[in-house]
Amino acid sequence: AQLHFRAGGALAAMRGKSRLIKAVDGVSFDICRGESVGLLGESGCGKTSMGRMLLKLEEATGGAVTFDGADLNTLRGEALRAFRTRAQLIFQNPFDAVNPRFTIRATLAEPLENAGVPPAEREQRIIAALELVRLPNPAEFLDRHPHQLSGGQLQRVVMARALILQPDFVVADEPVSMLDVSVRAGVLNVFRDVRDRLNLTAIYISHDLALVRYVCERTIVMYLGRIMEDGPTEDIVREPLHPYTRALVAAVPVPHPDQDHAPLPIGRGAPDPLNPPSGCVFRDRCPKAHARCAAEIPVPRQVGTRRVACHLYDEAGAAAPGKTA
Ligand code: SF4
């Protein structure tokens, strides 16, 4: 595996109004080089915090993140700078991701300058990066400012900036959620194409199962800071095992990147993260909840191609997909 993530205890605690919230808790997974993984869940489920920890943009209070064998907590100086070059974030809102006073040329030149790329090479690298993300006639954009671009054009610029130093690991945090529906598919196609051409290891954070299905071969479903289900995306969509995943799949009957959401068939939203339920964090919305669910936190278990954290799958050998409640 290229990336190993383990969060026990109070890892990734965020400060709430007056107490610490465990943004991610009891979470562990590996990601192989070139793998494309969707982090799926509702707002506040911890997926963005986890993405930021994978990039060492947010401090963990326990556990470990290991990238190519190196513990991110121990990286300092040159090793940290090298990691920052290899691992990049694509932001959710392209207009928040750039300096509005910078031209597109200056926006893309900044990481090259920070990495010590000689000025004579920069223009060529900038044009190549804009061509990579299929911005038509890139030279025409260089002297423009962000407000002179559409959201879709600017998100391609943001992608170009993330890719200009040729990283091998990218975290994309809801990269099309702020864009008009009509341009989402184009930006997603660019993301998929670039990922494949550069053999990127990619984490795609989204609340939208249809988008994750379009982009990622593997999906990790999160709820209130914990992993509910982890496995091949197509298996999860065709036969979701965890009750929460079933609700997510039922809300998107015909997944497609342009489709709007149906409501989740599990009623009200997630509970207050400051006051999570005992036992299984999903239990107060779960139609299959039973006495044990209040008393014990379910441990993720291998069930066929998936890892599932639910007491319905706790029997020896775990129930085979298709034969569960
Ligand atoms: Fe539902 Fe219990 Fe499974 Fe949690 S452990 S998802 S409450 S059945």
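Me: Ala, Val, Leu, Ile, Met, Phe, Trp, Tyr, Cys and Pro count as nonpolar, Asp, Glu, Lys and Arg as charged, and the others, Gly among them, as polar. On that basis, how do the residues of the shell around the ligand divide?

Reply: The model is predicted: local features need pLDDT of at least 70 and side-chain atom pairs pLDDT 80 or more, while totals for chains, interfaces and linings use all residues. Residues are numbered from 1 along each chain as its sequence is written. The shell holds 9 nonpolar, 1 polar and 2 charged residues. Surrounding the ligand (C-beta, placed from the backbone, within 6 Å) are, among others, F282, R283, K288 and H311.

Me: What makes a set of residues a nonpolar core, and which members touch the most others in the largest one?

Reply: Such a core joins buried Ala, Val, Leu, Ile, Met, Phe, Trp, Tyr and Cys through C-beta atoms within 7 Å; buried means 20 or more other C-beta atoms within 10 Å. Of its 85 residues, L54, V158, M159, A160 and M222 touch the most other members. Helix 6 (residues 151–163; a DSSP run of H or I, at least four residues) supplies the largest share, 7 residues.

Me: Why are strand 8 and strand 13 called edge strands?

Reply: Strands pair if DSSP finds at least two bridges between them. The open, mixed sheet has the order 8-9-10-5-11-12-14-13; strand 8 (87–90) and strand 13 (301–303) each pair on one side only, so they are its edges.

Me: How do you know that strand 8 and strand 9 pair?

Reply: 4 bridges join these parallel strands, and the criterion asks for at least two, so they pair. One of the bridges links Q88 with V170.

Terms used
A residue is buried if 20 or more other C-beta atoms lie within 10 Å of its own, exposed if 12 or fewer, and partly exposed in between; C-beta atoms are placed from the backbone.
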